[in-house]
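Please look over the sequence and the structure before reading on.

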Amino acid sequence: MAKMTLEELRKLRNQKKDELDKRDTEGKDVHIIIGMGTCGIAAGAKDSLDAFLDEIEKNKIDNVTVKQTGCMGLCYVEPTVEVKVPEMPDTIYGNVDAETARNIVREHVLGKKLVSEHVFDRPSKDIVKE
Amino acid sequence: MAVKNFILVCGGTACESSKANDIFNALKSEVEAQGVDKDVQIVKTGCFGFCEKGPIVKVLPEEAFYVEVTPEDAKEIISESIVKGRMVKRLLYVDDTDKKKEDDFDIENIKFYQKQVRIVLRNCGFIDPEKIEEYIARDGYAALEKVLFDMSPDDVINELKVSGLRGRGGAGFPTWMKWNFTKGVESDQKFIVCNADEGDPGAYMDRSTLEGDPHSVLEAMTIAGYTVGANKGVIYIRAEYPLAIKRLEIAIEQAREYGLLGEDILGSGFSFDFEIRLGAGAFVCGEETALLRSIEGNRGMPTPKPPFPAVEGLWGKPTVINNVETWANVPMIILKGGKWFNSIGTEKSSGTKVFALTGKINNSGLVEVPMGTTLREIVFDIGGGIKDGKKFKAVQTGGPSGGVLTNDFLDTPIDFDQLTAIGSMMGSGGMIVMDEDDCIIDVAKFYQEFCVEESCGKCAPCRIGTRKLYDILDKISKGKGTHKDLENLETIGNAMKKAALCGLGQTAPNPILSTLKYFKDEYLEHVDDKVCRAGKCKDLVRFEIDPEKCIGCTVCSRKCPVGCISGERKQPHSIDQSQCVKCGACYAACKFGAIKKS
């Protein structure tokens, strides 16, 4: 990407905003977002990430993107993961070890149900969207 | 047919005890009775905090948030919420301040139950910190755009002034003033510095911010550069934060590629670029003058102020230096306006503060609340209360520079001035919760030991004072303290406050002075009665076996690391006091309460 002008920056912002709102990037409408700060990684987020990728591949699911993000602030239940599936509420999961990660793929992504005992909540409203 | 509704029942320990299980079962039988079991999934969740209003039930996707639910409410929740698609008004959470409006309260205006407001952490947990596009999509670099093309440097200063933003590093100096000083000085070269030398034990706010949203700091520093006329930013970060450093490097690289850094940013004619400097982890380098010396390659030692860094800073040039959290606020102030920011928080401390809530708390975590939130809200509503149902003793704020907040201050609104008034300080935001098992002398000793190690040694009050204070505390913890020692703690502490060169030495006595003030009785117990009620001061503790209760199961003797517990099987055991190292392993292992701690 070459240096941008003001117009190009604005265009890029709008385009990326649309992508975020549509939540459909390149035909992938399921998003799994893993908290990968030092805290999450120390609690085993990398193992969870591997388990997600492996389980997705095993089940031959091709509409999922797995992404990383920073710390969600829920240190007491790291690793934390957000799962977005169309027509289901966006869900924050806590204590997501490798086994729970596999359960999330099977029960939430494929079965369209929440995984009990692991549901948490975002700690605040999103002020950017307000 | 897919599930339409999800009912979340709080499964945290606090709610578990207040009938969450019964509610869960009642909801299950109700969905079957009302024939909607195919449309609904009932799920147990983790703790949402907010345990005082528990048990909590939440219905998705409507986001209906029901508090103090009983099993008898299950029928109505299902028939209203699920079958008819309406909310059960009487169970909805209403903020205490809205209580009087309850009669005409409108579903549209339900107060959000969460007490947190995330400005600094707005993008943490939302964006991929290694992708600049995601930051841009969430209004990233829109503040820079606004500043470069629509605002003069004076406009920026004015917006900051209106916002009332004060430095989040601890001292709370008005940010606009710092910027304005530097702006007012003529110089061929000026610098913008980010203090990311987070060193308080138990604090990790800055690390999480940089790891989750590095661009917000880069954007803010670039804005400051434009405002004061600087072209160079330096981020001073400790080498023990490798992930934060890596993400900062990626962020800088991406911003350069996009032309958001470097020469002629977005065609505005303004140029700015960054350099990262790694610190070796000395606590004193969080002090701004010591930090600047460290960047220059010298030993990290503070220099007397004035001259202030704003006038004579890095390489003798005017320098704006703010900490990570202060920087992360700036883009939102520019975008949403100083007035907006000022409307959050208290009169003299606007905006929010991020705390790292740790210690004996159920929901430890990174917490961002409006200034003026009370300790009770943080510890009990957000933090979910004390672990294992123990009794709250105190909260330590401000790390080695701060003090303790006791029970009496649970309802004090937390802001810069309130904390200072009660002998603690905001500090950078570490918040360590203590319960009845913590000994206050032990806590003070821990922080003093930290200060002894981290004192740079340049000035005598700090170098000698911290050592002396530590020695006295050590003496007290061994049961050898006198009343004169207690007096000396105060005399030395107060002298250091006045005479030490920098913030480290001036605030190092705070943990002692504050605990002396609020826990005098505990100090006196150690001195007069030679007793440590929490059992932390090893020299004052004695473990003994009650022969009446001991059944001779031998568990304690197997756990004892020094093998000083003896006795026949099925016969009462005894502890050889001369060998005992007072580790407490036997005490923790005994299932019959036969081991007494005194």
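Among contacts in chain B between residues at least 6 apart in sequence, what percentage join residues at least 24 apart? In this predicted model, 70% of those contacts in chain B join residues that are at least 24 apart. Chain B is built with 23 helices and 17 strands, and its C-alpha atoms fill a box of roughly 85 × 75 × 45 Å along the principal axes. For 598 residues a compact globule would have a radius of gyration near 25 Å, and the 28 Å of chain B agrees with this. Of the 598 residues in chain B, 54% are buried.

Within chain B, helix 5 (residues 142-150) and helix 9 (residues 214-228) pack at an angle of about 10°, with their axes 9 Å apart. Because an angle under 35 degrees counts as roughly parallel, helix 5 of chain B is roughly parallel to helix 9 of chain B. The residues that make this contact are tabulated by helix.

| Helix of chain B | Residues in the contact |
|---|---|
| Helix 5 | B:Ala143, B:Leu144, B:Val147, B:Leu148 |
| Helix 9 | B:Glu219, B:Thr222, B:Ile223, B:Tyr226 |

By type, the residues of this contact between helix 5 and helix 9 of chain B divide into six nonpolar, one polar and one charged.

Turning to the interface, 42 residues of chain A are in contact with 53 residues of chain B. On the side of chain A that touches chain B, the elements giving two or more residues are helix 1 (6-22), strand 2 (64-69) and strand 5 (119-120) of chain A, and helix 1 of chain A provides the largest share, seven residues. The residues of that side of chain A comprise 19 nonpolar, 12 polar and 11 charged.

How values were computed: Residues are numbered from 1 along each chain as its sequence is written. Chains are lettered from A and ligands numbered from 1 in the order in which they are written. This is a predicted model: local features need pLDDT of at least 70, side-chain atom pairs count only at pLDDT 80 or more; totals for chains, interfaces and linings use all residues. Axes are lines fitted to C-alpha atoms, for helices over the stretch in contact, and angles run from 0 to 180 degrees between N-to-C directions. Helices (H or I, at least four residues) and strands (E, at least two) are DSSP runs, numbered from the N terminus. Angles under 35 degrees count as roughly parallel, over 145 as roughly antiparallel, 65 to 115 as roughly perpendicular and the rest as oblique. Two residues are in contact if their C-beta atoms, placed from the backbone, lie within 7 Å. Ala, Val, Leu, Ile, Met, Phe, Trp, Tyr, Cys and Pro count as nonpolar, Asp, Glu, Lys and Arg as charged, and the others, Gly among them, as polar. The radius of gyration is taken over C-alpha atoms; the globule rule is 2.2 Å times the number of residues to the power 0.38. A residue is buried if 20 or more other C-beta atoms lie within 10 Å of its own, exposed if 12 or fewer, and partly exposed in between; C-beta atoms are placed from the backbone.
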